[in-house]
Amino acid sequence: MRIHEISDNPMIVKDKLKPQKIVKGMLKSSISFACAIISICNYDLQFEKSTIGSLIFPNKDDTPIFNTAGAYGIKIRFNGAQRLIKIDDYLPIDDKLAPILTSCQNQFAPQLLEKAIIKLDG
């Protein structure tokens with residue numbers, strides 16, 4: 001399903017992601033990814049940064065903007081090179097409409113980041 005079909009008021013990031021609100025997805029790799037996102041959230045809260053927000057495009061002042069066209073760019077450093085991974089906003093869900101990827105309530109940044117990493121890793 002697309003983001004706007006999952007949520008009536010979709011947000012990519014609302015303020016800052018809270019580490020205690022991160023929920024591991026159903027994929028085996030999701031536990032490692034969820035731990036990494038929690039670490040980044042803690043760093044952002046401690047040093048008043050917006051690391052996750054600065055990785056997702058389109059954005060304004062390091063805050064990702066919901067794109068009605070459903071196209072996003074995710075900036076990732078991989079094997080020493082900066083890459084821009086292009087993804088759409090179709091997100092996998094289970095039969096109970098629960099997210100399969102790592103999630104954070106009504107914020108979709110973790111799911112978009114995990115989708116980009118899965119695409120990059122092949």
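**Charged and aromatic side-chain contacts**

Tyr-43 counts as partly exposed, at 39% relative accessibility. This is a predicted model. Two salt bridges are present. A search of the whole structure turns up one aromatic pair.

**Aromatic pair**
- Tyr-43 pairs with Phe-47 in a tilted arrangement, with 4.9 Å centre to centre and 45° between the planes.
- The two residues, Tyr-43 and Phe-47, are four residues apart in helix α2 (residues 30-47), so about one helical turn separates them.
- Phe-47 is partly exposed, and its relative accessible area is 44%.

**Salt bridge Arg-2 to Asp-89**
- Arg-2 and Asp-89 join through their side chains in a salt bridge of 2.8 Å, N to O.
- Arg-2 sits in the segment before α1 (3-6), and Asp-89 in the loop between β5 (81-88) and α4 (109-121), so the bridge ties together parts 87 residues apart in sequence.
- Arg-2 counts as buried, at 15% relative accessibility.
- Asp-89 also counts as buried, at 1% relative accessibility.

**Arg-2 and a ring**
- Arg-2 also lies over the face of Tyr-90, at 5.6 Å from the ring centre.

**Salt bridge Lys-115 to Asp-88**
- Lys-115 and Asp-88 meet through their side chains in a salt bridge of 2.3 Å, N to O.
- This pair links distant parts of the chain, with Lys-115 in helix α4 and Asp-88 in strand β5, 27 residues apart.
- Lys-115 counts as buried, at 19% relative accessibility, because the cut-off for buried is under 20%.
- Asp-88 is partly exposed, with a relative accessible area of 34%.

Methods. Residues are numbered from 1 along each chain as its sequence is written. This is a predicted model: local features need pLDDT of at least 70, side-chain atom pairs count only at pLDDT 80 or more; totals for chains, interfaces and linings use all residues. Side-chain values use heavy atoms; hydrogens and water are left out. A salt bridge is a side-chain nitrogen of Lys or Arg within 4 Å of a carboxyl oxygen of Asp or Glu. Buried means under 20% relative accessible area, exposed over 50%, partly exposed in between (1.4 Å probe, protein chains only). Rings of Phe, Tyr and Trp (its six-membered ring) pair if their centres lie within 6.5 Å; planes under 30 degrees apart count as stacked, over 60 as edge-to-face and the rest as tilted. A charge sits over a ring if NZ of Lys or CZ of Arg is within 6 Å of the ring centre and within 35 degrees of the ring normal.
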